[in-house]
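The stops below go from one selection to the next.

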Amino acid sequence: MEREESYTSFAQVYDMFMDNVDYPSWSEYLLGLLREYGIESGLVLDLGCGTGNMTELLSKAGYDMIGVDNSEDMLEIAGEKRAASGLDILYLLQDMREFELYGTVRAVISICDSINYILEEEELLQVFSLVNNYLDPGGYFIFDLNTKYKYEQMGETTIAENREEASFIWDNYYDPEEQINEYALAIFLPVANELYRKFEEIHYQRAYDLETICRLITEAGLEYVTAYDAFTKHAPVDTSERIYVIAREKGKTEKK
C-alpha cells in the first residue's frame with residue numbers, strides 16, 4: 001500500500017494520540033543541527049509535514065517554511081493551525097516522490113519516519129534526487145529513520161488506547177526477510193447516542209540500513225555528511241531505534 005492511502009481517518013485523531021511527543025524539544029534538536037550547518041534563516045522545506053507540528057515550530061523560529069504532504073486530511077489540519085497562528089507557511093499537496101517547488105531552498109527536513117514510508121529503493125533514490133535538485137548550492141538535507149532494530153523490537157505487537165474523544169487498536173507485524181513493517185489501525189470515533197464509527201487503515205514502512213541510505217544519497221548526487229543516534233551527537237549503534245542522517249548538496253555552484 002502506498003503512503004497516499006494512509007493517514008485519512010487517522011488524521012482526525014493524529015495529534016491527540018501523538019500528545020506524548022515533545023515537539024518543542026524535538027524542534028530544538030533540529031534547530032541545533034540546522035544552525036550548526038549555518039542554516040539560520042531562509043527557505044526550509046518540511047517533506048512529509050503531516051499536520052504541521054514541526055513546520056509551525058520552525059516557522060516560529062524564523063524560517064520561511066514550505067510543507068509538503070500527500071495526505072489532504074493532514075494538510076487540512078495543518079491549514080487550521082496556520083490560520084490560528086497566523087504564520088506564513090506554504091502547504092503543498094504533493095507526493096514526496098514527485099514533489100515540485102518554485103525554486104530552491106536552503107534546507108530540506110523530513111522527520112517522523114516519513115522516509116520509511118518509501119518502500120522501494122528506486123523510489124527513495126527519486127526522493128533523494130528531487131531533494132538534491134531543489135537544494136541551494138551547499139544546502140543541507142536532514143532526515144530521520146526508524147531502524148531495523150526498532151521494527152524487530154516491535155515485532156508482533158498490539159497497542160490499544162481508549163480515550164473519551166476516540167480509541168484505537170494498533171496491530172503491528174514485522175517481516176524480517178522483506179524488512180517491511182506493517183501496522184493495521186482500527187480507529188473508533190464517537191458519533192451520536194454512545195455509538196462509534198470504526199475506520200480501518202493499513203500502513204507499511206521499510207527498514208533501511210545506513211549503508212543503503214549512504215549509497216542512495218551518493219547516487220542522487222548528494223554528499224553524505226554524518227549520522228546520529230536520534231537526539232544526540234553520538235554515532236548510531238546497533239540498538240539505536242531512530243537515527244538522523246545529514247547530507248549536503250555539492251554539485252551546484254553559486255551564481256556570481
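Start by selecting Phe128 and Phe141: both are buried, where buried means under 20% relative accessible area, exposed over 50% and partly exposed in between (1.4 Å probe, protein chains only). The ring centres of Phe128 and Phe141 are 5.8 Å apart and the planes stand at 70 degrees, so this pair is edge-to-face. Rings of Phe, Tyr and Trp (its six-membered ring) pair if their centres lie within 6.5 Å, with planes under 30 degrees apart counted as stacked, over 60 as edge-to-face and the rest as tilted. Phe128 belongs to helix 5 and Phe141 to strand 5 (residues 135-146), so the pair ties together parts that are 13 residues apart in sequence. Helices (H or I, at least four residues) and strands (E, at least two) are DSSP runs, numbered from the N terminus.

Some conventions apply throughout. This is a predicted model, in which local features need pLDDT of at least 70 and side-chain atom pairs count only at pLDDT 80 or more, while totals for chains, interfaces and linings use all residues. Residues are numbered from 1 along each chain as its sequence is written, and side-chain values use heavy atoms, with hydrogens and water left out.

Next, show the aromatic rings; the whole structure has twelve aromatic pairs. One of them is Phe99 with Tyr134, a tilted pair at 5.4 Å centre to centre and 40 degrees between the planes. Phe99 sits in the loop between strand 3 (90-93) and strand 4 (105-110), and Tyr134 in helix 5 (residues 121-134), so this pair ties together parts 35 residues apart in sequence. Phe99 is buried at 1% relative accessible area, and Tyr134 is buried at 13%. Then select Tyr23, Trp26, Tyr29, Phe231 and Tyr244, which form one aromatic cluster.

Thr226 counts as buried at 19% relative accessibility. Neighbours within four places in sequence aside, Thr226 is in contact (heavy atoms within 4.5 Å) with Tyr37, Tyr244, Val245 and Ile246.

Now turn to the charged side chains. The structure holds eleven salt bridges, each a side-chain nitrogen of Lys or Arg within 4 Å of a carboxyl oxygen of Asp or Glu. Select Glu123 and Arg97: their closest N and O atoms are 3.1 Å apart.

Which residues does the salt-bridge network around Glu121 join? Start with Arg215 and Glu121, whose closest N and O atoms are 2.8 Å apart. Arg215 lies in helix 7 (residues 210-219) and Glu121 in helix 5, 94 residues apart. Salt bridges that share partners join Glu121, Arg206, Arg215 and Glu219 into one network. Glu121 also forms a salt bridge with Arg206, at 3.7 Å between the closest N and O atoms. Here Arg206 is in strand 9, 85 residues from Glu121.

Follow Arg206 into the sheet. Four strands form an open, antiparallel sheet in the order 6-7-8-9; two strands pair if DSSP finds at least two bridges between them. Strand 6 (157-162) and strand 9 (196-206) are at the edges with a single partner strand each, so one side of each has no neighbour in the sheet. Strand 8 (residues 180-190) and strand 9 pair over eleven bridges, and the bridge partner of Leu189 in strand 9 is Arg197.
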